[in-house]
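I am opening a notebook on a structure that is new to me. I will go through a few residues and write down what I look up.

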Amino acid sequence: FSMAPLTRSVDYELPELSLEAPRVETKGVQASSNPISLVNPEVPRLVTYKSKSGTCAACSKASNQSCADCCGMVFYCNADCQTANWIKHKELCEDLMNQHLAKVIFKLI
């Protein structure tokens, strides 16, 4: 199967995802799984920053992975910590994402 990057940045790297889904054949039915489906679709994926780091919001370990939606403002050491902290982080995440979008729009005007 082939791998393709979702996006590239000088600041962060997104995980590469497969472009081909595995085929499942059962009793004459063919189906493909969605290669980009997330374990928990409500929780944003983590991005790995090249030169930015922080403390995991759940367990306080050092990390260079951050919530993709709030743009490097809140760090997590792994997806389990992020998922465990999602209930607390969800509202803050939306606020941080909206602030970031407002700054980007303001720069474009």
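I looked up Ala58, which counts as partly exposed because its relative accessibility is 39%, where partly exposed lies between buried, under 20% relative accessible area, and exposed, over 50% (1.4 Å probe, protein chains only). Ala58 lies in the loop between strand 7 (54–55) and strand 8 (62–63), and its C-alpha is 8.4 Å from that of Cys77, at 19 residues apart in sequence.

I note that this is a predicted model, in which local features need pLDDT of at least 70 and side-chain atom pairs count only at pLDDT 80 or more, while totals for chains, interfaces and linings use all residues. Residues are numbered from 1 along each chain as its sequence is written, and side-chain values use heavy atoms, with hydrogens and water left out.

Next I turned to Asn85, which is found in helix 1 and is buried because its relative accessible area is 10%.

What forms the negative surface patch? I found Asp69, Glu91, Glu94 and Asp95 there; patch residues have over 30% relative accessible area and no salt bridge, with like charges joined within 9 Å and nonpolar side chains within 5 Å. Asp69 lies in the loop between strand 9 (65–67) and helix 1 (79–108).

Last, I recorded a nonpolar surface patch of Leu101, Ile105 and Ile109, with about 350 Å² of accessible area together; Leu101 is in helix 1.

Terms used
Accessible areas come from the Shrake-Rupley method with a 1.4 Å probe; for residues, only the protein chains shown count as cover. A salt bridge is a side-chain nitrogen of Lys or Arg within 4 Å of a carboxyl oxygen of Asp or Glu. Lys and Arg count as positive and Asp and Glu as negative; His and the chain ends are not counted. The place of a charge is taken as NZ of Lys, CZ of Arg, CG of Asp or CD of Glu. Helices (H or I, at least four residues) and strands (E, at least two) are DSSP runs, numbered from the N terminus.
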